[in-house]
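I opened my notebook to look at one residue, its neighbours and then the packing around them. Here is what I looked up.

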Amino acid sequence: MNFLYHLLYTTTLGAAAGCALFSSHIREGFKGRWGLRKRLGDAFSGKASPVWFHVASSGEFEQALPILDAFKARRPDVPLFLSYFSPSAKKAVALEKKRRGDASLPWDFADYSPWDSHSYLATYLKILKPRAYVSLYREIWPNLLTALTRHKVPRLLFATHFPENNWKLRWFYTQSLKSFDFIGTVDDTTTAQLTLLLDSQFVHTVGDSRVARVVQRKEKAPAAPWRSFFESQKVFVGGSLWPEDFTAAKPLLRELLSKGWRLILVPHQTEGSFTQGLLTWLQSQKIPARLWSHWRFEPDDRSHLVVNEIGPLAELYQVASMALVGGSFKSKVHNVLEPAVYGFPILTGPHTHNADEVRILEQIGVLSRALDAQDLVRKANEQLTLGVDRKESVRNYFNEAAQVPETYAAILEKFL
């Protein structure tokens with residue numbers, strides 16, 4: 001199994017290096033790792049051993065932040081190293097740094113993760129000498145876990161979730177999951193199947209730290225200076241949209257426009273032809289439409305918007321009356337918690353298997369899943385017709401999850 005993984009990983013890494021010539025995202029990942037060894041050496045050589053937190057992308061970074069804050073409050077004496085795999089996480093780290101400033105960051109150093117190769121890892125572990133390793137969600141690297149086990153470094157997996165009957169769980173993740181000393185899940189279903197599969201008692205339901213994160217962002221978000229330009233308006237936000245989401249949403253968008261709603265469309269990838277395509281479609285509806293990058297410098301109270309910058313989506317939900325969360329008509333839904341914290345109706349497509357919170361939000365009544373374009377219109381009208389005040393139910397849900405990061409921090413402290 002280890003040989004097959006090593007062969008597959010080496011082959012994939014080589015193929016990715018070739019693809020870097022044609023993909024700026026992949027190229028950024030390779031470029032970002034140049035000089036990593038020296039940067040880590042400058043940051044940690046001859047200093048106290050850090051706790052190593054690792055995330056894959058921006059979503060896992062959001063999960064990690066409340067835990068980092070909680071642990072730093074408990075143990076300010078312990079250095080924290082935050083690594084990330086994807087360039088999107090690097091951008092998210094930079095945005096959070098800009099929001100907080102260096103003085104209030106919970107991590108001491110953040111950078112790309114090393115490649116999952118034995119030769120790379122030997123050098124980096126020698127530099128870092130981590131006292132514990134924490135991975136978020138499903139960011140699992142077999143060679144790294146083997147090396148950490150060999151060095152007797154405690155290994156913890158936090159806020160993980162596996163859909164039922166997930167084939168990757170049995171055929172890819174099982175052996176690596178056995179390398180962890182503790183696994184904290186977001187739901188009882190994941191706990192039950194991992195306990196059975198691993199024949200282990202070190203799997204426990206703790207909860208999802210992302211819930212606390214969206215509350216944190218809501219409470220700390222400054223009053224946006226542009227909010228007044230949406231007052232007394234019905235606003236629909238399409239968040240993290242892919243082309244498949246937009247295609248399914250077109251009938252609903254036309255109906256909302258006919259009823260005087262204002263649209264804010266936020267593509268998942270803000271660069272490229274899709275963003276321009278959204279703007280062109282809005283303009284074809286004979287309505288005023290502008291790019292966010294222009295509008296925010298000269299705002300008005302009439303224009304429908306296409307957001308072409310990374311970062312403002314969570315704040316834009318402040319002015320929404322209803323939202324469609326993207327990815328759900330493609331393969332997997334994006335963050336439904338960010339809009340849910342405000343208590344207005346949320347719509348998704350059928351692909352929500354990756355997010356257990358969808359089931360809970362459906363039970364509360366704040367979220368509806370649609371099968372196709374026609375069903376999306378029907379579910380939207382149902383939500384609007386009901387006119388139910390969901391804010392108290394939503395508030396209770398988020399309040400119950402407020403202690404999750406502190407629980408994870410306390411668990412980590414026991415392994416030091």
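I started with Asn-354, which counts as buried because its relative accessibility is 13%; buried means under 20% relative accessible area, with a 1.4 Å probe and protein chains only. Before going on, I noted that this is a predicted model, where local features need pLDDT of at least 70, side-chain atom pairs count only at pLDDT 80 or more, and totals for chains, interfaces and linings use all residues. Residues are numbered from 1 along each chain as its sequence is written, and side-chain values use heavy atoms, leaving out hydrogens and water.

Where does Asn-354 sit? I found Asn-354 in the loop between strand E13 (346–348) and helix H16 (357–364); helices (H or I, at least four residues) and strands (E, at least two) are DSSP runs, numbered from the N terminus.

Next I checked what the Asn-354 side chain reaches: the backbone oxygen of Val-333, at 2.9 Å. Leaving out residues up to four places away in sequence, Asn-354 touches Tyr-137, His-161, Lys-332 and Val-333, where contact means heavy atoms within 4.5 Å.

Tyr-137 turned up again when I looked at Phe-158, whose contacts include Tyr-137, Phe-182 and Tyr-408.

Then I looked up the largest nonpolar core, which has 73 residues. Such a core is a set of buried Ala, Val, Leu, Ile, Met, Phe, Trp, Tyr and Cys residues joined through side-chain atoms within 4.5 Å. Phe-53, Phe-158, Ile-264 and Phe-398 touch the most other members. Helix H4 (residues 58–74) gives the most to this core, seven residues.

Notes:
Buried means under 20% relative accessible area, exposed over 50%, partly exposed in between (1.4 Å probe, protein chains only). A polar contact is a pair of N or O atoms within 3.5 Å; within protein, one must be able to donate a hydrogen and the other to accept it, and residues adjacent in sequence count only if both atoms are side-chain atoms.
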